[in-house]
Amino acid sequence: MSEDTTAPDDTGGDAGGDAGAAGGEVSYGIVEPTWIDSFNVQDSEGFEVARLLYDGLTDYSEDLTAVPAVAESWEANDDNTVWTFNLRDDVTFHDGTPVTAQSFIDAFNYVANPENLSDVAYQGSYIANIQGWSEVESGDATEISGVVAVDDTTLEITLNEPYSILPKVVAHPVFSPRAASSTDPDEPVGNGPYMMDGPWQHDVSITLVPYDGYYGEPGKPDTIQFQILDSIDTMYLEVQAGGLDIGDVPPEQIEAAASEFGDAFIETEIGSYNYLGFPTEVAPFDNPDIRKALSLAVDREAINQAIFAGTRAPATGFAPSLAPGATECANTAYDPETAKELFDAAGGIDGPVEVFFNSGGGHEEWLQAVANQWQQNLGIGEVTFTGQEFAPYL
């Protein structure tokens, strides 16, 4: 329903002095992730950790183009079905063992293996469409046929159909290499600029320290401590009290935070959006006119101004506007009259509408605003809300 074009953070502490200085400890607020191991990382909180623990074949530049990481270069055949990635020869895992083309093959097979229960294995089959990946997922094969180690520093990936943006897709952490010694998902062994400093203390903290053998530019802080808190409200209180350096700002505190923290209040464009998904095989949500009506009845810009102090942009498509090639979709403009006509013609909704969401993420206010607009513009009666902590919600 709304696209996060700005993500206000507060850097209330002075860990490490000025912004360009190295050293010191930085504390960063997150809620409890589901996973931090690359084979199953799937949420924003886990990504914050995994992006420091792992380097994949590629990474993203500031303008969201694919840039080298473990792969120095890559090329495709004429129809973009066979991709060759040329790897660096100086990359090692945090245990000191070398990262080779086989390390990626081992990782891909691990993710696709149904016994390992990866929730994001579809990235290799449905998204990247790597030849033989779905056969391993279904249990019909034990090794992915479309990935070949030509030699230690050359990885060849064959796809089932042409795909010109594969170098962007493989920047996802699920395509990171896997160390043979990485057997504990609470203390994964990666190959990125930071490594685990002891196991993940669930619901308490995750602590990272620089990996001395990192091939690239080292990270600046000597220690990054992810403090696990129950909500962004708690994060904000911790920042105000000086117990946390970086944390998200609750929607109702955005204007006050900008005034209170001055230059330490940071707004930056990010590629995420808030949305409501419908159970499209369940009546009445199987009727597209009902779904259109619910969308057209929401004044996204009014919610942006009232709830988010103008720091969000109305979502007009399935990809955030900063994503290259993002296009607008129909039925995202505010049109309460058309919404009411569609809603009534489709038979409306009998009984209460139940909305599920992850609690502690600052969603309560905008969801209540959506419910109010549905009731006002469509005549929907009761709307109930069920909030869950992030990990079980996912």
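## The start of helix H1

At the start of helix H1, the backbone nitrogen of Glu-45 has a side-chain oxygen of Asp-43 within 2.9 Å. A polar contact is a pair of N or O atoms within 3.5 Å; within protein, one must be able to donate a hydrogen and the other to accept it, and residues adjacent in sequence count only if both atoms are side-chain atoms. Helices (H or I, at least four residues) and strands (E, at least two) are DSSP runs, numbered from the N terminus.

This is a predicted model: local features need pLDDT of at least 70, side-chain atom pairs count only at pLDDT 80 or more, and totals for chains, interfaces and linings use all residues. Residues are numbered from 1 along each chain as its sequence is written, and side-chain values use heavy atoms, with hydrogens and water left out.

## The buried side of H1

H1 covers residues 44-53. Its buried residues are Glu-45, Gly-46, Val-49, Ala-50, Leu-52 and Leu-53. Buried means under 20% relative accessible area, exposed over 50%, and partly exposed in between (1.4 Å probe, protein chains only). These residues span an arc of only 165° around the axis, so they sit on the same side of H1. The arc is that of the directions from the helix axis to the C-beta atoms.

Several elements cover them, including strand S3 (25-30), strand S11 (205-210) and helix H12 (390-393). Contact here means heavy atoms within 4.5 Å.

## The whole chain

The protein chain has 12 helices and 18 strands. Its radius of gyration is 23 Å, close to the 21 Å that the globule rule gives for 394 residues, so the chain is as compact as a globular protein of that length. That radius is taken over C-alpha atoms; the rule is 2.2 Å times the number of residues to the power 0.38. The C-alpha trace spans about 65 × 50 × 35 Å along its principal axes.

Of the 394 residues, 46% count as buried. Among contacts between residues at least 6 apart in sequence, 66% join residues at least 24 apart.

## Two nonpolar cores

A nonpolar core is a set of buried Ala, Val, Leu, Ile, Met, Phe, Trp, Tyr and Cys residues joined through side-chain atoms within 4.5 Å. The largest one holds 40 residues. Among those that touch the most other members are Leu-294, Trp-366 and Trp-374. Helices H6 (232-241), H7 (254-261), H8, H9, H10 and H11 and strand S17 (353-358) each supply at least two residues. H11 gives the largest share, seven residues. Another core, of 39 residues, lies apart from it and includes Phe-39, Ala-71, Ile-105 and Val-147.

H8 runs over residues 288-296, with Ile-290, Ala-293, Leu-294, Ser-295 and Leu-296 buried. Their cover includes helices H9 (300-308), H10 (336-345) and H11 (364-378). At the start of H8, a side-chain oxygen of Asn-287 comes within 2.8 Å of the backbone nitrogen of Asp-289.

Asp-286 lies in the loop between strand S15 (272-274) and H8. It is partly exposed, at 42% relative accessible area. Pro-284 is in the loop between S15 and H8. A cis peptide bond joins Ala-283 to Pro-284, with omega about 0°.

## Two positive phi values

Leu-117 is not a glycine, yet its phi is positive, near 55°. Its place is the loop between helices H2 (101-112) and H3 (122-127). Leu-117 is exposed, at 63% relative accessible area.

Asn-129 also is not a glycine and has a positive phi of about 55°. Asn-129 is in the loop between H3 and helix H4 (133-137). Asn-129 is buried, at 18%.
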